[in-house]
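This briefing is written for a reader who has the sequence and the coordinates open. The points are grouped by topic.

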Amino acid sequence: MRAQLRVEGANTRLAGPLLYVRRVVEARLHDAARVSGPDGESRIGRIVAIGEDEMVVEVLESTAGLGLEDTVVSIEAKPLQFALGPGLLGRVFDSVGRPIDGGAPLPAERWLPIEGMNINPAQRDLPRDFIETGVSAIDLMNCLVRGQKLPLFSGSGLPHDKLAVAIAQRARLRGAAGAGEIGPGADQAPPFAIVFVGIGVAHDTADFFRRSMEASGALAHTVMFLNLASDPSTQRLLVPRYALTAAEYLAFVEGRHVLVVMTDMTNYCEALREVSSSRGEIPSRKGYPGYMYSDLASLYERAGCVRGSAGTLTQLPILTMPGDDIGHPIADLTGYITEGQIVLDRELDRRGVYPPIRVLPSLSRLMDLGVGKHFTHEDHPALAHQLFAAYARAARVRLLASVMGQEGLSAAERQYLDFADAFELEVVHQDAPRTLEQSMAAGWRVLRRLPAAELTRLNARQREHYLTGGHDA
């Protein structure tokens with residue numbers, strides 16, 4: 001094991017969070033560092049670049065008061081690590097894993113590198129089973145599967161923060177222990193936990209997150225990491241890594257099923273662009289670094305299931321699309337890496353629909369692995385497919401009506417217009433969380449507005465039972 005290295009009098013330049021040091025000792029990329037100034041305060045840092053004659057230390061806290069002559073750099077013989085142990089649930093941490101809830105430090109049972117566990121790809125298993133979020137447009141139409149990474153694409157001013165808190169409060173495994181779930185087999189299933197991450201959020205938003213989780217009681221099975229907008233931009237690059245390290249500990253050490261909610265990944269990417277620019281790196285699309293794809297992948301790919309492990313790690317990252325542009329590099333690259341997307345719509349929001357989820361461009365690529373007879377309900381897939389097909393047809397009819405008016409539509413087409421309004425107001429819109437059974441009942445009710453002959457995705461038994469017979473379950 002390498003010893004700690006102390007460097008004095010070798011600093012050449014300080015540019016923002018970057019301290020340039022002559023390479024007078026042998027160090028490794030991403031080695032942790034401690035930077036001490038004349039005030040005696042020790043600041044966390046890490047080595048981010050090494051050249052033949054010089055190395056760059058990224059200071060992860062304020063560099064105010066640091067000079068060149070009197071600043072000492074102590075280089076650790078290891079990368080940044082997070083000390084984890086029992087009692088993690090119910091705690092609130094800052095960007096670099098320090099408690100900010102007034103509680104005692106965690107007992108250090110394990111020191112895990114924040115860059116993630118080394119998982120053999122051959123040991124990964126397919127994501128399976130269903131996570132109920134309480135949101136009908138997700139649970140019914142684009143469900144979240146354990147081990148999946150499913151992003152939520154939002155826009156500035158849309159209620160993604162409110163939705164993130166609602167999901168964190170209500171998400172559960174059906175019939176699993178933890179988070180207040182009820183049902184058969186509750187005592188045998190592994191427990192459930194939430195890791196909630198606020199990235200670059202305002203003080204009032206951070207207070208809203210914290211108060212909402214405390215008031216609902218959800219904080220008891222949640223770990224929160226809060227990075228404020230006033231914190232150094234370099235810390236925004238670390239908070240998701242500390243949070244995901246805690247999630248890996250809960251999932252693969254304690255054997256829990258963990259859902260990680262991260263908001264807002266756009267703030268993370270903006271910090272990545274800022275730090276990259278300060279290093280003098282050549283920019284790519286819209287000024288973001290060319291390695292943003294691999295950097296995001298290093299976060300998103302930490303989700304998954306591992307053979308031999310009782311726990312799983314599921315991610316729900318949230319990002320705001322600049323200018324509502326789904327082709328923006330942040331949304332574009334996220335879509336390549338992840339397994340679908342949930343899209344929020346500004347027009348639905350203007351009409352008072354909450355959550356304003358736009359169903360047609362939303363997609364969960366792993367939905368078929370988590371729904372059906374052994375996971376949710378045997379008629380769930382058929383209902384979701386029929387609702388999607390009918391709503392897609394209704395969207396085409398709406399476009400036709402905008403050109404020729406409703407007077408030129410057939411009776412069946414006018415029924416589709418009624419169905420679309422009912423679908424948005426009775427299924428997508430909700431004033432309170434719903435169970436999957438309640439969401440399915442709402443779906444069957446709106447389908448009764450259409451002629452049975454139009455419902456080609458349903459079999460004869462389903463049409464007879466739910467539509468003619470009037471049953472909701």
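**Salt bridges**

Arg273 counts as partly exposed, at 26% relative accessibility. The model is a predicted one. Within it, Arg273 pairs with Glu270 in a salt bridge whose closest N and O atoms are 2.6 Å apart. The structure holds 33 salt bridges.

- Glu270, the partner of Arg273, is also partly exposed, with a relative accessibility of 27%.
- Glu270 and Arg273 are 3 residues apart in helix H6, so about one helical turn separates them.
- A salt bridge with an N to O distance of 2.7 Å joins the side chains of Arg346 and Asp324.
- This pair links distant parts of the chain: Arg346 belongs to helix H9 (residues 346-350), while Asp324 sits in the loop between S20 and H8, 22 residues apart.
- Arg346 is partly exposed at 24% relative accessibility, and Asp324 is partly exposed at 37%.
- One network, made of salt bridges that share partners, takes in Arg46, Glu58, Glu115, Arg241, Arg279, Glu281 and Asp295.
- Arg43 and Glu41 meet through their side chains in a salt bridge of 3.8 Å, N to O.
- In that pair, Arg43 is buried with a relative accessible area of 3%, whereas Glu41 is partly exposed at 40% relative accessibility.

- Strand S4 (residues 31-36) pairs with strand S5 (residues 42-50) in the antiparallel sense, over 5 bridges.
- Arg43 in S5 stands opposite Val35.
- The hairpin of S4 and S5 has 5 residues between the strands, and Gly40 there takes a positive phi near 80°.
- S5 also pairs with strand S6 (residues 54-59), again antiparallel and over 5 bridges.
- The hairpin that joins S5 to S6 runs through 3 residues.
- Val56 in S6 is the bridge partner of Ala49.

**The sheet S13-S12-S15**

- Three strands form an open sheet in the order S13-S12-S15, with antiparallel pairing.
- Strand S13 (144-145) and strand S15 (172-173) are at the edges; each has a single partner strand, so one side of each lacks a neighbour in the sheet.
- Strand S12 (residues 130-132) and S15 are paired in the antiparallel sense over 2 bridges.
- Across this pairing, Ile131 stands opposite Leu173 in S15.

- Helix H7 (residues 292-300) has the buried residues Met292, Asp295, Leu296, Ala297, Leu299 and Tyr300.
- Asp295 is also a member of the salt-bridge network that includes Arg46 and Arg241.
- Packed against the buried residues of H7 are helix H5 (239-253), strand S18 (257-263), helix H6 (265-278), strand S20 (312-320) and helix H8 (329-337).
- Met265 has its place in helix H6 and counts as buried, at 0% relative accessibility.
- Leaving out residues up to four places away in sequence, Met265 touches Ile199, Leu296, Leu299, Tyr300, Pro317, Ile318 and Leu319.
- Met265 and Leu296 are 31 residues apart in sequence, and their C-alpha atoms are 9.3 Å apart.

**Arg434**

- Arg434 lies in the loop that runs between helix H11 (411-428) and helix H12 (436-447).
- Is Arg434 buried or exposed? Arg434 is buried, and yet has no salt bridge.
- The side chain of Arg434 does make a polar contact of 2.8 Å with the side chain of Ser136.
- Apart from its neighbours within four places in sequence, Arg434 is in contact with Glu132, Gly134, Ser136, Asp139, Glu426, Val427, His429 and Ser439.

**Cysteines**

- How many disulfides are there? The count comes to 0.
- From the sulfur of Cys143, the closest cysteine sulfur is that of Cys305, 13 Å away and therefore too far for a bond.
- The cut-off for a disulfide is a pair of cysteine sulfur atoms within 2.5 Å.
- Cys143 is buried, with a relative accessible area of 0%.
- Cys305 also counts as buried, at 10% relative accessibility.

Key
Residues numbered from 1 in each chain as written. Predicted model: local features only at pLDDT ≥ 70, side-chain atom pairs only at ≥ 80, totals over all residues. Heavy atoms only, no water. Helix = DSSP H or I, 4+ residues; strand = E, 2+ residues; numbered from the N terminus. Buried < 20%, exposed > 50% of the residue type's maximum accessible area, 1.4 Å probe, protein only. Lys, Arg positive; Asp, Glu negative; His and termini not counted. Salt bridge = Lys/Arg side-chain N within 4 Å of Asp/Glu carboxyl O. Polar contact = N/O pair within 3.5 Å; in protein donor to acceptor, adjacent residues only side chain to side chain. Contact = heavy atoms within 4.5 Å. Pairing = 2+ DSSP bridges.
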